[in-house]
Amino acid sequence: MKAPVRGSAASSSLPRVVAASLIGTTIEWYDYFLYGTAAALVFGKVFFPTSDPLTGTLLSFLTYAIGFAARPLGALVFGHFGDRVGRKRLLVVSLLLMGGSTTAIGLLPTYGAVGVAAPVMLTALRLVQGFALGGEWGGAVLLVSEHGDQRRRGFWASWPQGGAPAGNLLAAGVLSLMTAVQSDSAFLAWGWRVPFLLSALLVGVGMWIRLAVDESPLFRQALANRPKAEPTPLAGVLKHHWREVLVAMGARMAENISYYVMTTFVLAYAVGHAHFDKQSALNAVLIASAVQFALIPLFGALSDRVGRKPVYLAGAAGVGGWAFVFFGMVDTRSFGSLVLAVTVGLVFHSAMYAPQAAFFSELFATRLRYSGASIGAQFASVAAGAPAPLIATALLKDYGSATPVSVYVALAAAITVLAVLCGRETRGRDLALVEERPADGAPAGKPTVARGLSR
């Protein structure tokens, strides 16, 4: 048996790995958020034109939510093969699937051209997007986590998390540009397609960068030491790490729900309820996403100093309280208040999202890590992010007020606080020493003391 791999790959390779993960996740999130943004502003009119505006938006968000249903399947499939053949290969596959489906959406005929077949094809491509994203997140954060060292893992692993606001920034920015240079009729006729077709070019860039990085050294070690007969990664996770999966799922509730309410649903709410124009609503999300992109590595670094749990808990508690301020600020119909509302919401979201990559990576043993982290993250998304815009839209339609939406976000925050409190602090844990939980229920993993860190 070889000695456990400690530390990191050569320091010169770590920035390349971080860049590859960040650029790849940015492209994947661009594709995914582009759909969400278009669902709020365009798809109701293009694919569901026979419904009233709010019902059309509701149906549009339903196709958006369906994409989340495929994410657990993506987590299972990509997690299985990611733990068997490697992180890098699966990341290449996920990027190709996501880019291909997004480009195809840009080529779809509308309801006016082919009738009900149009939303059916849209839904099918959304399922492919969800399947690809279900496998993307785990591989991207693990590739960085397993190359880096435990002292600064929170900082380095947070960079792939920056792909979410960067992708949202790119998606909202391209759509904002198209709405600025086109009339509403031209945008609805063909302009909305341009951002989707742009995905083909972005995927080419992402592939070139991802193919240049090395496989995780910890995975290579685990592969070399793997016994000839062993259970599947899914069976191993359910047997040894089911508690950690529940903690990860609970931790995702407030993070996922608040994000989609404050970046996707807010577009429909600001335009349809508070009477902002489309470009103002998109610009508010643009500004807030730029701030979030800058904050994520800072919160990741903070989690290296004070721990994953304190930073995460502060974000969950903050977003639960801010939900009751958020919609009141949007209702003032002031652009400055709209920007501030979304920005502060994403500040609290960043405090949860930044340490999440390191936190989830540190919960699972190497040979089960891709499956464990992906299952915990993506199964939660079905109950959290998937229905969030749909539930928020339905609550608004039924009650005529955003207060029930605020209560919905606050309840999610309470679940997350409870889940994180039930989890163990993982800061300083050596990933090479994290093992499966023994049958007697002893803790999974053996935390080690990194220089300057407490146990």
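1. Val93, Leu97 and Val128 make a nonpolar surface patch of about 180 Å². Patches are made of residues with over 30% relative accessible area and no salt bridge, with nonpolar side chains (Val, Leu, Ile, Met, Phe, Trp, Tyr) joined within 5 Å and like charges within 9 Å. Val93 belongs to helix α5, residues 87-105; helices (H or I, at least four residues) are DSSP runs numbered from the N terminus. Val93 counts as partly exposed because its relative accessibility is 39%; buried means under 20% relative accessible area, exposed over 50%, and partly exposed in between (1.4 Å probe, protein chains only).

2. This is a predicted model, in which local features need pLDDT of at least 70 and side-chain atom pairs count only at pLDDT 80 or more, while totals for chains, interfaces and linings use all residues. Residues are numbered from 1 along each chain as its sequence is written, and side-chain values use heavy atoms, with hydrogens and water left out.

3. The structure holds 22 aromatic pairs. Rings of Phe, Tyr and Trp (its six-membered ring) pair if their centres lie within 6.5 Å; planes under 30 degrees apart count as stacked, over 60 as edge-to-face and the rest as tilted. One of the pairs is Phe68 with Tyr260, edge-to-face at 5.3 Å centre to centre and 85° between the planes. This pair links distant parts of the chain, 192 residues apart: Phe68 is in helix α3 (residues 53-69) and Tyr260 in helix α15 (residues 242-272). Phe68 is buried at 0% relative accessible area, and Tyr260 is buried at 1%.

4. Tyr269 and Phe327 are also edge-to-face, because their ring centres are 5.1 Å apart and their planes at 70°. Tyr269 lies in helix α15 and Phe327 in helix α17 (residues 308-331), so the pair ties together parts 58 residues apart in sequence. Both residues, Tyr269 and Phe327, are buried.

5. Ring pairs also join Trp29, Phe33, Phe68, Tyr259 and Tyr260 into a cluster.

6. There are eight salt bridges in the structure, each a side-chain nitrogen of Lys or Arg within 4 Å of a carboxyl oxygen of Asp or Glu. Arg87 bridges to Asp83, with the closest N and O atoms 3.0 Å apart, and to Glu146 at 2.8 Å, N to O. Glu146 is in helix α7 (residues 117-147) and Arg87 in helix α5, so this pair ties together parts 59 residues apart in sequence. Both Glu146 and Arg87 are buried.

Conventions
Areas by Shrake-Rupley, 256 points an atom, 1.4 Å probe, with all protein chains shown as cover. Helix = DSSP H or I, 4+ residues; strand = E, 2+ residues; numbered from the N terminus.
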